[in-house]
Amino acid sequence: MSDADLAPAVLDAPRRLDAIDRKILTVLQDDASLSVAEIGDRVGLSSTPCWKRIQRLEAEGIILRRVALVDQNKIGLGITVFVSVESGDHSDAWLKKFANAVSAMPEVMEFYRMAGDVDYMLRVVVADMQNYDVFYKKLISAVALKNVTSRFAMEKIKSVTALPVPALNPA
């Protein structure tokens with residue numbers, strides 16, 4: 001095997017995060033509006049090294065973006081629906097068409113290809129049943145589907161956005 005054969009694997013290998021990187025990620029996931037100085041205080045760094053680490057984490061794609069979290073109910077999106085989709089067609093062309101159609105639907109918050117008895121799972125938010133019906137008709141007209149099952153959430157019990165940043169494993 002040549003060095004060229006190994007290059008893609010090396011480039012895709014995740015960079016090892018040290019304890020301070022992990023603390024920065026935890027702090028930012030809790031409150032990304034903090035100043036660099038405040039983040040640095042919380043992780044034990046001065047502003048410049050903290051800023052450089054944050055910039056590196058962003059450049060490496062570990063931090064994807066910093067966003068504001070919005071309460072869906074307070075903006076009139078009171079219904080959450082989990083939509084299971086089964087397909088009779090598993091070709092690349094079908095998947096590309098389906099993925100493009102679903103990705104363009106603003107009601108879809110999450111979209112997964114699944115293993116098991118369901119092929120795809122969507123998390124959809126809408127204002128009301130009438131809006132869900134409009135979404136559903138748009139979904140089923142996008143491409144041929146074998147089965148679509150909708151499950152309506154009655155109560156949100158837990159919802160977090162922060163990933164549990166694993167601690168360093170001593171080598």
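Predicted model: local features only at pLDDT ≥ 70, side-chain atom pairs only at ≥ 80, totals over all residues.
**Chain as a whole**

- The chain has six helices and four strands, where helices (H or I, at least four residues) and strands (E, at least two) are DSSP runs numbered from the N terminus.
- Read from the N terminus, the order of elements is α-α-α-α-β-α-β-β-α-β.
- The radius of gyration of the chain is 21 Å, whereas a compact globule of 171 residues would have a value near 16 Å; the radius is taken over C-alpha atoms, and the globule rule is 2.2 Å times the number of residues to the power 0.38.
- Along the principal axes, the C-alpha atoms fill a box of roughly 55 × 55 × 25 Å.

**Burial, contacts and charge**

- Of the 171 residues, 26% count as buried; buried means under 20% relative accessible area, exposed over 50%, and partly exposed in between (1.4 Å probe, protein chains only).
- The accessible surface of the chain is about 12,000 Å², and carbon and sulfur atoms account for 56% of this area; accessible areas come from the Shrake-Rupley method with a 1.4 Å probe, and for residues only the protein chains shown count as cover.
- Among contacts (heavy atoms within 4.5 Å) between residues at least 6 apart in sequence, 64% join residues at least 24 apart.
- The chain carries 21 positive and 22 negative charges, and their mean positions are 2 Å apart.
- In this count Lys and Arg are positive and Asp and Glu negative, with His and the chain ends not counted; each charge is placed at NZ of Lys, CZ of Arg, CG of Asp or CD of Glu.

**Helix H2**

- The buried residues in H2 are Asp21, Arg22, Ile24, Leu25, Val27 and Leu28.
- These buried residues pack against helix H3 (36-43) and helix H4 (47-59).
- Lys23 is also found in H2, and counts as partly exposed because its relative accessibility is 45%.
- Thr26, another residue of H2, is partly exposed at a relative accessible area of 44%.
- From Thr26 to Ala142 the C-alpha distance is 39 Å, and the two are 116 residues apart in sequence.

**Loop between H4 and S1**

- Leu69 lies in the loop between H4 and S1 and is exposed, with a relative accessible area of 62%.
- Leu69 and Leu17 are 52 residues apart along the chain, and their C-alpha atoms are separated by 26 Å.
- Val70 is in the loop between H4 and strand S1 (79-86); Val70 is exposed, at a relative accessible area of 56%.
- Val70 and Ala19 are 51 residues apart in sequence, with 30 Å between their C-alpha atoms.

Terms used: Residues numbered from 1 in each chain as written. Heavy atoms only, no water.
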